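The entries below follow the order in which I looked things up.

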Amino acid sequence: MFKKNVNSSCKKSKNDSMADKYQTPRYYFPKRFNLIVLGFIALTVCYTTRTLLSTCVIFMNKEFHYGSTFKGVLLAAFSMGYSTTQLTAQFLCDKFGSKRVILFGLTMSICTLFIVPIAAPYKEAIVLVRVFCGVFQGIVMPSLNLLIANYFPITQRSTCAGMIWAGVYAGNVGISFISPVLLDYLNWRDCFYIVGSFCIIMWVIPWIIFIRDNPKDLIGIHENEIRFINQTAPVEVKLKTLTQSQVVNIKSIMETGNSTNMLGENNGEKQKNKTENSGNDFKMLHSSSSSTSTVESTTESLNSMVSDEGEQILSSSPSNLTIVDESKQINDDDDERLPYFVAFKKLITSRGMLTIVYLNISCNWAYFLLLGWLPTWLSKELGVNVGYKFAFFNALPFILCLAISVGFGRLSDKLLSMGVRKIILRKTFGGLCYGIPGVFLLMVSLVIPNHSRVIKIAFVTISIAANGFSNTSYQLVTLDLSSKYSGVSMGIANICSAIPAFIGPLVGGFLLESFHGDWNKIFLISSSFYLFGTIVWLIFLKVDNVI
């Protein structure tokens, strides 16, 4: 599977280090980080357009007498449209490029905000507007996933992706805090006009100027940054093509500094043929330095990248061993791609994706129920629905989500580099994401149903905030399963997530009327889904690279 290259084939001199190879000017700002900034803003805008209605609908209901059931339909209408375009994103990106797809989808989604005040008096019209808002926005997340896979190596992916996906919570924070304050001074119609205009100015123009489909085309990018992205492009090597003795041999050779027998002498002809038929062509690049510190760092990196699922991932952190999969270089325009439906079939039938599908359908309905109905529940508990007090408690869960997403994304990369296996990280953070709300909602419904409102608000806040762990769990698994087809994997995950996003608010409105406004029974049902989903996640999750 591996091809051995002798040191004389390296173009660099013996004294060249990896740091020198990728050195950039002192005050140079890495241009790939443009995507962190504008991707974060893009998702902030996405969730601003998505959740603004949740606060304003309280006042719209008073004016137009919608009722709880229709409020549930209206809150769910976005997800009806959102689910229809998820799986088209990869096809559109292949044809038009991710930048253009995201630009079109999100711009059109923003424009629907200007139509809401006009359509609000007519129930059919306002539902249709929200459906189209979801249709346009449905292509954004999978397309953004493709850009993340192109821009960042696996050694930086948890941190960078976590910072980008934190825009989801920033959007919730911004709109949850700003809209109640605006409603204290303006009417609900003005909120849609002001927020829509601000989103266009803040995101559309910078996105056009500073983002490209391929990072090599970014304005002012340094050639060494391009080489760094290329050299550390993600590589997935399945251990089922290597024997255990070969893995042990690789590690022992690295410990002794011997690079001449990297695969050992025990490769059978059967293993060789299997490897050749796999179509993977790898190059083993070595520098000639044999210092003890270099060998130790290389061995550490190797040890840290072996997962429990029979998968080995080796990336070129600044060490003297780099394995480069030429088929994954971002500058390879001739890379063969599987037909869309072949890629879809391989992903949808994988154990990792099936686990995500189940979790998204079962657990996320409770999250989206809370997301859509939180302002209504808070207004009942606090006795107010405008002003700074309401705004603070409405935004607090998402402030915590934002902090968790960024902080634990960085921690995930750090632990990975220290040798913690990827499968353990994904299961741990996923368990926290689903287990915490399961426990706290259970306590709200059974232990303290008639106790202090402060405790109830605190526990519900913690339950929603735990969703911040999703960015270091199932969101990253969509990239783990396939970097190349991450648009497809994210599309599958999102379309399954859109089902509960539609059902949650709709069922919430029906249950509230059936239970005569009693939230404790709703919290109990939500808790049971969360707890069972946690068990499924911990038992069945796999992060093997599929394609």
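I count a residue as buried under 20% relative accessible area, exposed over 50%, and partly exposed in between, with a 1.4 Å probe and protein chains only. By that rule, 57% of the 547 residues of the protein chain are buried.

**Ground rules.** The model is predicted, so I note that local features need pLDDT of at least 70 and side-chain atom pairs pLDDT 80 or more, while totals for chains, interfaces and linings use all residues. Residues are numbered from 1 along each chain as its sequence is written, and side-chain values use heavy atoms, without hydrogens or water.

**Whole chain.** I looked up the secondary structure. The protein chain has 24 helices and 5 strands. These are DSSP runs numbered from the N terminus: helices are H or I with at least four residues, strands are E with at least two. Next I took contacts, meaning heavy atoms within 4.5 Å. Among those between residues at least 6 apart in sequence, 85% join residues at least 24 apart. I then checked the surface.

**Helices α2 and α3.** I compared α2 (residues 34-64) with α3 (residues 68-82). They pack at about 155°, with axes 10 Å apart. The pair is therefore roughly antiparallel, a label for angles over 145 degrees. Axes are lines fitted to C-alpha atoms, for helices over the stretch in contact, and angles run from 0 to 180 degrees between N-to-C directions. From α2 I list R50, L53, S54, V57 and N61 in the contact; from α3, K71, L74, L75, F78, S79 and Y82.

**H65.** I found H65 in the loop between α2 and α3. Its phi is near 55°, a positive value in a residue other than glycine. Is H65 buried or exposed? At 63% relative accessibility, H65 is exposed.

**Helix α10.** I tested the length of α10 (residues 167-185). Its 19 residues should span 27 Å, and the end C-alpha atoms are 27 Å apart, which agrees. The expected span is 1.5 Å times one less than the number of residues. I also note that 14 of the 19 residues are buried, so α10 is largely enclosed by the rest of the structure.

**Q475.** I placed Q475 in helix α22 (residues 474-481). Q475 is buried, at 7% relative accessible area. What does Q475 touch, not counting residues up to four places away in sequence? I list M141, W165, S470 and M490.

How values were computed. Angles under 35 degrees count as roughly parallel, over 145 as roughly antiparallel, 65 to 115 as roughly perpendicular and the rest as oblique.
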